[in-house]
Amino acid sequence: MSETAQQERFTVFNQRPGATVEAQSPLHHRYERDAATHGAGDAGVTLGEVRFLGHLSLRGNPDDEAFRSGCTRALGLELPTTPLTISRTEAISIQWISPDEWLVLVPGGNEHTAELDLRRHLDGHYSVVNVSGGQTLITLRGPHARDVLMKSAPYDLHPRNFPVDKGVLTVFAKASANIRRAGEDEWELIVRRTFADYIWGWLCDAATEYGLALQAP
């Protein structure tokens, strides 16, 4: 099938605002307000937001070789099939969410292209949905980052149970979050837009006893 014929099978709307529209992250109002009370010096926890990443929800059959290879060709990264694992490059990550679902994160502005690439390389029964506007990514770094998370979630975050590049959706501070371990003392929280302000405030309070610094966006 030619590329033109493939493109005629689907229409994908580019959801990212144009240059004339000022985009605002779910936490755009929090940094300036909270920076006045939390410095940027030596701290046990550093909190930040990675704004405007592209978030794609991908679904398909992991037992289908054509589906797996199509994802690899589109994203340049193998689809993780082991539960609760994450595959990463410097720019892209793919997280196993459930037996037939993955979360794909790409650099901001690339989500439309990534969705088109997936649709061009996939066929049959699959789903790709751009959910970028409904989520954001919060980062926690430092020697006490795990202590803050242990206050907030019932999941076992001990290193023997939660190695680097593991991710899990769980209850978090009376809400919910996708907790991911990105490095030895580096953690990520992917949260719904509607929970972002509440969870950010919770983290600021929970981290205060360890010394909290805010990372400029």
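The expected span of a helix is taken as 1.5 Å times one less than its number of residues, where helices (H or I, at least four residues) and strands (E, at least two) are DSSP runs numbered from the N terminus. The model is predicted, so that local features need pLDDT of at least 70 and side-chain atom pairs count only at pLDDT 80 or more, while totals for chains, interfaces and linings use all residues. Residues are numbered from 1 along each chain as its sequence is written, and side-chain values use heavy atoms, with hydrogens and water left out.

For α6, the 15 residues should span 21 Å at 1.5 Å a residue, and the end C-alpha atoms are 21 Å apart, which agrees. Helix α6 (residues 193-207) lies across β1, β7, β8, β9, β10 and β11 (contact: heavy atoms within 4.5 Å). Its direction makes about 145° with β10 (axes are lines fitted to C-alpha atoms, for helices over the stretch in contact; angles run from 0 to 180 degrees between N-to-C directions).

Six strands form an open sheet of mixed pairing in the order β8-β9-β10-β7-β1-β11; two strands pair if DSSP finds at least two bridges between them. Strands β8 (167-172) and β11 (212-214) are at the edges with a single partner strand each, so one side of each has no neighbour in the sheet. The twist from one strand to the next averages 30°. Strands β1 (residues 45-50) and β7 (residues 135-141) run antiparallel and are joined by five bridges, with V50 opposite L137.
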